Amino acid sequence: MPKWTTADIPALAGTRSVVTGANSGIGWYTALELARAGSEVILAARSETKGRDAAERILREVPEARVRPAILDLASLASVRAFAALVDREPRLDLLVNNAGVMLVPTRRTTADGFELQFGTNFLGPFVLTALLMPTLRRAAAPRVTTVSSGAANMGTRRIRFEDLQWVQDYAAWKVYCQTKLADLMFALELARRCTAAGIPLTSNAAHPGYARTNLQTSGPGRPLNLTERVFEKLLSQDAFHGALPTLRAATAIDAMTGGYYGPDGIFQMRGDPVPIPITKPAQDERAARQLWDAAESLTGATWNF
């Protein structure tokens, strides 16, 4: 089979996209290539400075790009609501890429709303954002939501710890991160099932970047990589541009499936060309996915327009 590259992205002129965490790494490359293909891209970043810088860097690469920054902090539901209200002023939204997140926060911290920081930022924030943007998405003819998960979804506890979702007891940064990425994958699949059942023509899928070299690894743990980690990174990782390709394929490919999952085809799915990959076994638990959805609604007060 021929390799999928950015040359396979269809013309996106006339579409509007939102990319969260668009100021760096995978999010920035995702936004860059969407803009290069002609989509008007709203660059969601935690500060005006970061968003403006991301826009300027894209415009240096693609002078004709239609990009604009907007502030979004997924660790604050007030910020999520304000951002969603801003986007809802648009005639429609064709694509939402839930990319932003934090990784390996070394000690337990909480969001502005009192949620454990990784769980709140990586899962609850995108859950609420997607719910609030559903009316705007449904105004598009063929809307998509692509949620970025991780190979870590199949690591750690390999389940959702419903007895202590907020990890008040026995906080472990890596296990918490793994749970949030499993939650993201389960959310993408459950959204696909619910839209299909309701007859809503929205494609919901997921992607993971493999082991991509971004600032997530260093900004998360709050320390430089150690020697072992640096060797592992050199041998098995790929740069942020290639890490963005599974997301771009899921978000734009004509044959991308609702309920599909995309990642690298290399060893341990760490690096390689973007291809459809199997759904990890923990994410196939539909009962747990429904329970997680109900818990997220209860915790955040989010309501869905199905």
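Predicted model: local features only at pLDDT ≥ 70, side-chain atom pairs only at ≥ 80, totals over all residues.
Residues are numbered from 1 along each chain as its sequence is written, local features need a pLDDT of at least 70, side-chain atom pairs count only at pLDDT 80 or more, and totals for chains, interfaces and linings use all residues. Side-chain values rest on heavy atoms, with hydrogens and water left out.

The structure holds 17 salt bridges, a salt bridge being a side-chain nitrogen of Lys or Arg within 4 Å of a carboxyl oxygen of Asp or Glu. One of these joins the side chains of Glu40 and Arg68, at 3.0 Å from N to O. Because Glu40 lies in strand 2 (residues 40-45) and Arg68 in strand 3 (residues 67-71), this pair ties together parts that are 28 residues apart in sequence; strands (E, at least two residues) are DSSP runs, numbered from the N terminus. Glu40 counts as buried at 10% relative accessibility, whereas Arg68, with a relative accessible area of 27%, is partly exposed (buried means under 20% relative accessible area, exposed over 50%, and partly exposed in between, with a 1.4 Å probe and protein chains only).

A further salt bridge links Glu163 to Arg159, whose closest N and O atoms are 2.7 Å apart. Here Glu163 is exposed, at a relative accessible area of 55%, while Arg159 is partly exposed at 39%.

Asp164 and Arg161 also meet through their side chains in a salt bridge of 3.0 Å, N to O. Asp164 is buried, with a relative accessible area of 12%, and Arg161 is likewise buried, with a relative accessible area of 12%.

Conventions: Helix = DSSP H or I, 4+ residues; strand = E, 2+ residues; numbered from the N terminus.
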